[in-house]
Amino acid sequence: MNNRDKIKDYNRIVVKVGTSTLTYSNGNINLSRIEKLARILSDIMNSGKEVILVTSGAIGVGVSKLKLKEKPKTIREKQAVAAVGQCELMHIYSKFFGEYSHVVGQVLLTRDVVEDDHVRNNVCNTFETLMENGIIPIVNENDTVAIDEIENIVRFGDNDNLSAIVSKLVKADILIILSDIDGFYDSDPRKNENSKLIREITEITEELESCCGGAGSSLGTGGMITKLSAAKAATEAGVDMVLANGENPEILLNILNGEEVGTLFISNNKQK
């Protein structure tokens, strides 16, 4: 059995979606894509698997909801916009998942939550209880409190790394990060037309790290470097990771069927 075939048997799946997946390039909410994402994840749940969704987009959705011309500059403005956007985002998720008879639960995390043993155990228990009851946990960093992400500091503070931390907390089998790129390339495909997609990565080296560029879309905070950091954290925790393009959420079904899409980062204890 090859590394892709093993994915077919994975049961606990963490999916992370970025702002670029949830919004159009003009910043407006991409409702059709979110609806399709909810339908696909609901179908995966119906097949008997467990799903945790880590979502970015609170600020991006807030910008769209408030009809702002651009992303705010100051911390206080970003946090206020995030407060509005998080409500709207959860409303949209709840509505679309509800149409497929699934209930969602909001989990907002800050860095101190996972650094404190007692609180971390409580968070793990919350995740387990939600999943035991067939509820889909929808996770985001608490942008109205935490400033790491909105200040573009790569600590807890980007949802790529948050998704890796969540994957470790819930002992996931696989983390799937949906982005606006097809996978991990040996150089930036936006700048180099000869760049090559790497299908499978077993070790994250300095050479791979040198392939990374800067941040992605204007509404997001992550870039390839944060995805590589997430892959390193996930694989070291025994969790496989796939980086793939989220333009069509049906790609999730392809990944879970063992098809060779995106880039598969193989965890340390799952290598041949």
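**Entry 1**

I began with R120, which counts as partly exposed because its relative accessibility is 24%. The cut-offs I used are under 20% relative accessible area for buried, over 50% for exposed and anything in between for partly exposed, with a 1.4 Å probe and protein chains only. The model is a predicted one: local features need pLDDT of at least 70, side-chain atom pairs count only at pLDDT 80 or more, and totals for chains, interfaces and linings use all residues. My numbering runs from 1 along each chain as its sequence is written, and side-chain values use heavy atoms, with hydrogens and water left out.

I found R120 in a salt bridge with D117, at 2.5 Å from N to O. For this I required a side-chain nitrogen of Lys or Arg within 4 Å of a carboxyl oxygen of Asp or Glu. Both residues belong to helix α7 (residues 117–132), three residues apart, which is about one turn of the helix. I took helices (H or I, at least four residues) and strands (E, at least two) as DSSP runs, numbered from the N terminus. D117 is also partly exposed, as its relative accessible area is 48%.

**Entry 2: other salt bridges**

Within it I looked at E50 and R12, whose closest N and O atoms are 2.7 Å apart. E50 sits in strand β2 (residues 50–55) and R12 in strand β1 (residues 12–17), so this pair ties together parts 38 residues apart in sequence. R12 is buried because its relative accessibility is 12%.

I also noted K8 with D5, where the closest N and O atoms lie 3.6 Å apart. K8 is partly exposed at 41%, and D5 is partly exposed at 27%. My count of salt bridges comes to nine.

**Entry 3: the sheet**

Which order do the strands of the open sheet take? I read eight strands in the order β3-β4-β2-β1-β5-β9-β10-β8, with mixed pairing. The edge strands are β3 (104–109) and β8 (200–201), each of which pairs on one side only. I called two strands paired if DSSP finds at least two bridges between them.

At the β3 end, β3 and strand β4 (residues 136–141) run parallel and are joined by six bridges. Q106 has I138 in β4 as its bridge partner.

Further along, strand β5 (residues 174–179) pairs with β9 in the parallel sense, over six bridges. L175 is opposite M241 in β9. On to β10, the pairing with β9 is antiparallel, over three bridges, and V242 has L264 in β10 as its bridge partner.

I then checked β9 (residues 240–245) for burial: six of its six residues are buried, so the strand is largely enclosed by the rest of the structure. D240, V242 and A244 point one way, M241, L243 and N245 the other, and all are buried.

**Entry 4: aromatic pairs**

How many aromatic pairs does a search of the whole structure find? I got two. My rule pairs rings of Phe, Tyr and Trp (its six-membered ring) if their centres lie within 6.5 Å; planes under 30 degrees apart are stacked, over 60 edge-to-face, and the rest tilted.

Y93 and F97 make a tilted pair, with 6.3 Å between centres and 40 degrees between planes. The two lie in helix α5 (residues 75–99), four residues apart, about one turn of the helix. Are Y93 and F97 buried or exposed? I found both buried.

F184 and F265 are edge-to-face, at 6.3 Å centre to centre and 80 degrees between the planes. This pair links distant parts of the chain: F184 is in strand β6 (residues 184–185) and F265 in strand β10 (residues 263–265), 81 residues apart. F184 and F265 are both buried.

**Entry 5: totals**

I counted 11 helices and 10 strands in the protein chain. Of its 272 residues, 54% are buried. Among contacts (heavy atoms within 4.5 Å) with a separation of 6 or more, 73% come from residues 24 or more positions apart. The accessible surface of the chain is about 12400 Å², and 46% of it belongs to carbon and sulfur atoms.

Definitions and conventions. Areas by Shrake-Rupley, 256 points an atom, 1.4 Å probe, with all protein chains shown as cover.
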